[in-house]
Amino acid sequence: MNDRVERIQTLLRSFELPAWLFYDFRGSDPIAYRVLGLDPGGHPTRRWFYLIPAEGEPVRLVHRIEQGALGPLPGTKLVYLTWQELRTGLSRMLEGSSRVAMQYSPLNAIPYFSLVDAGTAELIRSLGPEIVSSGDLIQRFESVWSAKQIALHKKAALRITGIVQEAFYEAHRQIRNSGSISEFELQTWIMGQLEASGLVTDFPPIVAVNENSSDPHYHPKQEASSAIRSGDFLLIDLWAKTKDPAAVFADITWTGVFGPPAPEVRKVFEAVRSARDAGVQFLGERRGSAARIEGWEVDAAVRRVIVEAGYGDAFVHRTGHNLGEAVHGNGVHFDNLETRDTREVVSGIGCTIEPGVYLESFGVRSELNVFIQEDGVEVTTPPQKELIVLA
């Protein structure tokens with residue numbers, strides 16, 4: 001039996017679930033490819049299904065002209081050609097399964113893994129089984145870090161923290177010598193530092209000056225980039241990982257000013273920092289008491305601090321996201337705003353805590369990473385404790 005299949009079966013038994021049903025059509029479920037260890041470059045053009053029961057042999061259902069779509073995965077093979085044969089094969093595959101987990105979230109409440117289309121869900125239900133969410137299965141299978149991944153994450157965390165700090169000093173040097181440096185030029189400098197440090201990223205960092213930092217997803221472009229000058233406020237958000245196989249991301253955001261900070265800048269920074277630290281404290285206390293924590297609760301604890309500081313309407317995104325081999329992983333997010341993430345915060349996962357306040361002339365975000373331990377929480381990225389001030 002395949003090691004992945006055995007792990008999934010053990011997981012199903014722990015959740016008291018009869019089976020996990022995987023389905024894909026033209027790459028519609030990238031999670032299935034990662035969990036099953038399939039090559040996503042195969043580009044199958046017909047529907048396939050793969051059922052892993054908690055006990056017994058898996059069953060695959062593939063089209064006649066794509067019988068190799070599931071590669072070396074074990075189990076009984078059923079083949080269909082016509083739509084009638086597809087339904088007959090599914091009925092045979094699902095016989096005896098009262099419930100099956102699928103990449104589905106009731107009411108699409110957590111869309112990150114809700115990938116099964118409504119018609120396919122109707123088809124499965126018409127054959128008898130109840131569909132339940134695979135969200136917690138995905139998290140425990142895909143998002144729990146190995147000891148090697150923890151070490152690689154910490155390695156990347158230290159390197160990107162050094163790069164972000166040095167980027168502020170590089171900007172300061174250019175301002176002192178030339179009067180300014182553009183956001184794009186500083187972004188390009190950071191990308192060079194990543195390459196020199198043996199790190200990779202999926203997208204260049206956010207480098208945002210003054211009012212541009214009010215846009216949480218701002219990205220400078222060569223043809224549209226603002227200058228950074230003396231007296232300006234700057235936000236840098238950088239994420240990267242090592243080039244090792246299975247490496248996981250680190251992701252941080254720091255802010256600073258090139259001159260004396262305005263009173264409101266300092267006030268907002270302190271509110272955001274306090275909210276960030278409240279999230280770490282909340283996780284530590286709840287993990288220490290062995291109480292169950294759901295993702296939305298972390299967001300609520302952090303958001304409360306921002307609201308009490310008078311900036312609730314200016315905190316316009318979730319508190320944090322899961323980290324994995326992709327910067328936005330498939331585990332629990334700290335979110336009670338965009339979604340109400342009811343997945344459990346489980347041991348062995350990494351997440352960001354990154355509250356932000358976005359006003360008209362500037363925006364402050366302070367981001368660190370945490371690793372969830374059995375009885376506590378570890379901050380894995382050196383946190384920014386004070387606003388960077390470079391006169």
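**Helix packing, pockets and loop residues in a predicted model**

The buried residues of helix H5 are covered by elements that include H1, E1, H2, E5, strand E6 (130–133) and E13. These buried residues are Gly 135, Leu 137, Ile 138, Gln 139, Phe 141 and Ser 143. Buried denotes a relative accessible area under 20%, exposed one over 50%, and partly exposed a value in between, with a 1.4 Å probe and protein chains only. Contact requires heavy atoms within 4.5 Å. Helices (H or I, at least four residues) and strands (E, at least two) are DSSP runs, numbered from the N terminus.

The model is predicted: local features need pLDDT of at least 70, side-chain atom pairs count only at pLDDT 80 or more, and totals for chains, interfaces and linings use all residues. Residues are numbered from 1 along each chain as its sequence is written, and side-chain values use heavy atoms, with hydrogens and water left out.

Helix H3 covers residues 83–94. Its 12 residues should span 16 Å at 1.5 Å a residue, and the end C-alpha atoms lie 17 Å apart, which agrees. The expected span is 1.5 Å times one less than the number of residues in the helix. Leu 86, Gly 89, Leu 90, Met 93 and Leu 94 are buried in H3. They are on the same side of H3, because they cover an arc of only 120° around the axis. The arc is that of the directions from the helix axis to the C-beta atoms. Thr 88 and Arg 92 are exposed on the other side of H3. The cover over the buried residues of H3 includes strands E1 (19–24), E2 (48–53), E3 (59–63), E4 (76–80) and E5 (99–102). Helix H4 (118–126) is also part of that cover. Gly 96 follows H3 and has a positive phi, near 90°.

Helix H4 has four named buried positions: Thr 120, Ala 121, Leu 123 and Ile 124. These cover an arc of only 160° around the axis, which puts them on the same side of H4. They pack against E1, E2, H3, E5 and E6. Ala 118, Glu 122 and Ser 126 are exposed, on the face of H4 turned away from its buried side.

Pockets were then examined. Rolling a probe the size of a water molecule over the atoms shows where empty space is left. The search used a 1 Å grid over the protein atoms alone; a pocket is an open set of points where a 1.4 Å probe fits, with protein on both sides within 12 Å along at least five of seven lines. Lining residues have an atom within 4 Å of a point. A volume is the space filled by probe spheres set on the points, with grid points joined across faces, edges and corners.

The largest pocket holds about 500 Å³ of space. It is lined by 21 residues, and Phe 141, Glu 142, Ser 143, Gln 149 and Glu 325 are the closest to its centre. Helix H1 (3–14), helix H2 (30–36), helix H5 (135–143) and strand E13 (322–323) each supply at least two lining residues. H5 gives the most, with 4 residues. By class, this lining has 8 nonpolar, 7 polar and 6 charged residues. Nonpolar covers Ala, Val, Leu, Ile, Met, Phe, Trp, Tyr, Cys and Pro; charged covers Asp, Glu, Lys and Arg; the others, Gly among them, count as polar.

The volume of the second largest pocket is about 400 Å³. Its lining comprises 18 residues, and those closest to its centre are His 217, Arg 318, His 321, His 328 and Glu 354. The lining of the second largest pocket has 6 nonpolar, 5 polar and 7 charged residues.

Several individual residues were also examined. Arg 13 belongs to helix H1. It is partly exposed, at 38% relative accessible area. Arg 13 touches Ala 54 and Glu 55, residues up to four places away in sequence not being counted. Arg 13 and Glu 55 are 42 residues apart in sequence, yet their C-alpha atoms are 8.2 Å apart.

Gly 231 lies in the loop between strand E10 (227–228) and strand E11 (233–242). It is exposed, with a relative accessible area of 53%. Leaving aside neighbours within four places in sequence, Gly 231 contacts Phe 258 and Gly 259.

Leu 107 is not a glycine, but its phi is positive, about 60°. It sits in the loop between E5 and H4 and is exposed at 87% relative accessibility. Ala 290 also is a residue other than glycine with a positive phi, near 65°. Its place is the loop between helix H8 (263–288) and helix H9 (295–308). Ala 290 is exposed, at 67% relative accessible area.
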